Amino acid sequence: MHPLYLTLGIITSVFAVVAFTMFALAVRQIVRTVGVGRAVEPERKGPFGQRFTMTVIEILGHGRMLKRPWIGVAHWFVMVSFPLLAFTVVEAQGEVFDPHFTLPLIADWTIYGLAIEFIAGTSLVGILGLTAYRFVNRPARIGRASRFMNSKHWTGYYVEAYIIGLLFAIFVIRGFKVASDTFPFPVWATPISHAVGALLPGDLAVADPGIALVAAFKLIISYAFFVVLALKLTMGVGWHRFIAPVNIYFKRNADGKPTLGAAKQMMDKSGTKPLDFEEADPDEDPFGAGKIEDFTWKGLLDFSSCTECGRCQSQCPAWNTGKPLSPKKVILDLQRHAYEKAPYLLQGITEETLAEKPDESHAGVDVLALLNRPLVGTEEEGGVIHPDELWACTNCGACVEQCPVDIEHIDHILDMRRYQVMVESNFPSEANTLLKNLENKGNPWGMAEDRRMDWIAELASQENPVEVQVVEDKLPEGTEYLFWVGCAGALEDRAKKTTKAIAELLDIAGVKFAVLGGMEACTGDPARRLGMEYVFQMLAQQNVETLNDAGVTKIVASCPHCFNTLANEYPQLGGTYEVVHHSQLLAKLVEEGQLTPVNSVDENITYHDPCFLGRHNKVYTPPRDIMAQVPGVKTQEMHRHKERGFCCGAGGARMWMEERIGKRINTERVDEALTTNPDTVSTACPFCQVMLGDAINEKKSQGEAKETLEVVDVSQLLLRSVRGEAPKEAEAADA
């Protein structure tokens, strides 16, 4: 054997053994680190068949990635090249010993030659495009607008450079074989290889050593990749190809839906059953997350899976309005802290053991400070996550919707909020008033119970009175729906217009409905999203008891937050009902001819998707169907709509907290709405109606919006057309 080939063979073989040994040990360390977390809910572990199928479909289908089409296609080819081009790495290991080495059986199989050519070629185009995209959109050039801000930049460029080098090496090796006339595949199947071969010398004395040297280069950069991964356990852009499939498999929903809708339940110390506050032990049961080991191992797997792509950050309403919260940064900060702390936890080092051996060295690391480091705290307190980041979240779900590896950002933010609220009593002061009102009055505004009936009296006294049945004990016989009005719908003046419009439309359509009146209390959504699970459960159990005693089976809700809580969260507490949003019911009544829009509403209208109706529950079409049936309406979508819709700023209990940093989220949304030159902004949520209305009023006072511009619910728009009133006349009548 030629000394060059023997030397290259030995070097690359030794490198392979070292690289894969280091990689195996790194995998073991990641598994142990993830294992520091608490147990997960049993539902995450099966059924195997459904979860495995879901994982394969999500990976090969690349659904999340294709939300940005060309990037998704480019990434798909790069992804599939990783397992498929492994054949060329095996081939290269033989070529360093013998440049004429070929794989058995498939060596001259044209389909194999074509497959490698196609995958390597498309992957090369894809990775060059992705690298150029990363460079053009680098933070140094476009600042906060870059979704790569808060990423580790060298890791991304390193992985891309490695892939480019590997792909070039494949074509150079093939080119040498073409030039030396030892390549078995035809031109039509391998055009790139033949084009490269035309540029290379065909003399075997040059081609053979060339093949061996390039093969060695290919092997060394491939094995070096595994060494780098082993040395950098937090390099998500490299590790995600191994960890992401596992993370996707263990996502909350086995059917593949994003982890949206219901908030994560609080589980006891075993992780197998929901926390019972009457029996809970604060010393044993996790009241949220106050330290990294309070997260479940799925949470730690989430932190390990982050690819640093920044899709979550680019869609976050807080980040886009100048606030410090970046969902990506939160995950990466938790990841870094987990991998710093876990080695000491795995060694059994505690505050007590450190006190017993105060002189023991830990390579200059202040282990005590690391063990006691708070998850949430200011710079002075040494917190991993700053309070301004934690409390800026609106729970809009844009981060979860966009994440290609199914990280459950909202769950982790909610866990940290729970600890801050229930254990530390450390949360924005305005939220204290919210909680007191919910506990004492059953609504966020602290209004008296009987005020929930005011809108009913107003309906009964109008020119065309509508009688609304109020449940006294049991649901009246023949009642089809319980109309869940919600706190805003009953108590907030602008939202009451929506409530009255829905009631009138149901009356016109002949749908028999009833309301709970004073027996209705807040669903508890603001308390739960704030992190006060105890108050949520208190309100929820009270409502479930009321609904069950009344014999309720079908509910129509006007507030998406109530809709989400009743439909997705009350089943956790024994309240299972068929719940629809009013836009769904009204669209159905129009389609079936029970409501007929007759009056032309000649307005330009843009529709704002409420987060808890759209992203969290995938109700995008019914509100648009209603507007499409109203004569004269011209609709124009805002740039960010449907699953990429932009939040109004009210979710996550933010409705009751001040917004002191950056631009107001509702102002940002209204600025976008104004680009469509609307006569009306429509929505289907009382919170959105209030937030957008406030921003529009501010714009009017500054002369930046026309005085006639209003925010209306789609039900109000439909009622104008059904009862034959001109839009502005109807507004004047309501006023």
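I looked up burial and noted that 58% of the 735 residues in the protein chain are buried (under 20% relative accessible area, with a 1.4 Å probe and protein chains only). The model is a predicted one, in which local features need pLDDT of at least 70, side-chain atom pairs count only at pLDDT 80 or more, and totals for chains, interfaces and linings use all residues. Residues are numbered from 1 along each chain as its sequence is written, and side-chain values use heavy atoms, with hydrogens and water left out.

For the chain as a whole, I noted that the C-alpha trace spans about 100 × 70 × 50 Å along its principal axes. Of the contacts (heavy atoms within 4.5 Å) between residues at least 6 apart in sequence, 77% join residues at least 24 apart.

I then listed 31 helices and nine strands, which are DSSP runs numbered from the N terminus, helices being H or I of at least four residues and strands E of at least two. Five strands make an open parallel sheet in the order 1-3-2-4-5, where two strands pair if DSSP finds at least two bridges between them. Strand 1 (469-470) and strand 5 (578-581) are the edges, and each has a single partner strand, so one side of each lacks a neighbour in the sheet.

Which strand pairs with strand 5 over four bridges? I found strand 4 (residues 554-557), in the parallel sense, with I555 opposite V579 in strand 5. Helix 25 (residues 560-569) packs on the sheet and touches strand 2 (481-484), strand 4 and strand 5.

Key. Buried < 20%, exposed > 50% of the residue type's maximum accessible area, 1.4 Å probe, protein only. Axes fitted to C-alpha atoms, helices over the stretch in contact; angles between N-to-C directions.
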